[in-house]
Amino acid sequence: MRWDDSHESPDVVDRRGEGPSVGGGGSGLFFLVFWLLRRPWGWVVLIIGAIGYFALRQLGAFDADASRALHGGQSGAGTQTDPASREVHFVGFVLDDVQTTWSGIFAQAGRPYRHAKLVLYTDETRTGCGEGSATTGPFYCPADEQIYLDLGFFHELSAKLGARGQFAQAYVIAHEMGHHVQKLRGVAELSRGAARGATSGSVRLELQADCYAGIWAHSTGERNLLESGDIDSALGAAAAIGDDRLQRMATGTVSPESWTHGSSDERKRWFTKGYTSGKLEDCDTFGATTL
């Protein structure tokens, strides 16, 4: 994919390295201070603690100054020392490109478009939908309209699932953005009671997000951003995370009644629908009799 590797996105929130959030941390500190103040020796503990805290802060500032001196006056924030820096720029580029595409589609339909945020995190993070974990993979939270992504998933996608290439990563982002489009269009409500036969509303929702990802891929082709092998890379990712393939890898058996995202073939088929036509009306998974 042709892209600008110096791209910065205002919609990317970087929480990497922060670690999991701890609920009630502020209130816990308040009650600790309150408890100490009720003890005759509490003031002494608080004063010693405050002195120690500020001494450590000063030591940290000294270390930072020494580090800058050793590296020619450069701070870590201004250098490319982060080994994932290029990945972060790529994520930001794709996110902005997908949102620009959907903003245009919404404008043509006379509807406003609201930007989503994408949160990069490590292992665990707080979300509007509860605690987010890297073990669940990338996901979109409709409550806060944010996508959550641990970059480690891209390495698993390539090394463990065999879906290689940057456009495989772009497909993942575009799919999650598809859920944001569903939120803005009110499509998510159709997943409740709108399923046909034995196919769950969740599967139809996910396959539609695949189709929406295909619509974005269609636009990249029109703008000459695609390179040889990009679409095959996206299809490889869609197949890699099909419910049937993941179940077979985990248990050796396949149980269609428990699917939540659709089979590898279904995911490839709906992505291809969006990519081929570039039209919203061709992504009506809820009206389809077969998937």
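User: Is Cys141 buried or exposed?

Analyst: This is a predicted model, in which local features need pLDDT of at least 70, side-chain atom pairs count only at pLDDT 80 or more, and totals for chains, interfaces and linings use all residues. Residues are numbered from 1 along each chain as its sequence is written, and side-chain values use heavy atoms, without hydrogens and water. Buried means under 20% relative accessible area, exposed over 50%, and partly exposed in between, with a 1.4 Å probe and protein chains only. The relative accessible area of Cys141 is 0%, so Cys141 is buried.

User: Which residue does Cys141 pair with in a disulfide?

Analyst: A disulfide is a covalent bond between the sulfur atoms of two cysteines; here the test is a pair of cysteine sulfur atoms within 2.5 Å. The sulfur of Cys141 lies 2.0 Å from that of its partner, which is Cys129.

User: What is the relative accessible area of Cys129?

Analyst: Cys141 is buried at 0%. Cys129 counts as partly exposed, because its relative accessible area is 46%.

User: What is the handedness of the Cys211 and Cys283 disulfide?

Analyst: Cys211 and Cys283 have sulfur atoms 2.0 Å apart and form a disulfide. The torsion about their S-S bond is about -75 degrees, so this disulfide is left-handed.

User: What is the pattern of the disulfides?

Analyst: The search of the whole structure gives 2 disulfides. With bonded cysteines counted along the chain, the pattern is 1-2, 3-4.

User: What is the handedness of the crossing of α5 and α6?

Analyst: Axes are lines fitted to C-alpha atoms, for helices over the stretch in contact, and angles run from 0 to 180 degrees between N-to-C directions. Helix α5 (residues 166–185) and helix α6 (residues 201–222) pack at about 115 degrees, with axes 7 Å apart. A crossing is left-handed if the near helix is turned anticlockwise from the far one by less than a right angle, and right-handed if clockwise. The crossing of α5 and α6 is right-handed.

User: How many nonpolar residues are in the contact of α5 with α6?

Analyst: The helices α5 and α6 pack with their axes 7 Å apart. Ala, Val, Leu, Ile, Met, Phe, Trp, Tyr, Cys and Pro count as nonpolar, Asp, Glu, Lys and Arg as charged, and the others, Gly among them, as polar. Besides 6 polar and 3 charged residues, the count of nonpolar residues is 11.

User: Is Gly262 buried or exposed?

Analyst: Gly262 lies in the loop between α8 (243–251) and α9. Leaving out residues up to four places away in sequence, Gly262 touches Val203, Leu207, Gly242, Asp243 and Arg267. Its relative accessibility is 0%, so Gly262 counts as buried.

Methods. Helices (H or I, at least four residues) and strands (E, at least two) are DSSP runs, numbered from the N terminus. Contact means heavy atoms within 4.5 Å.
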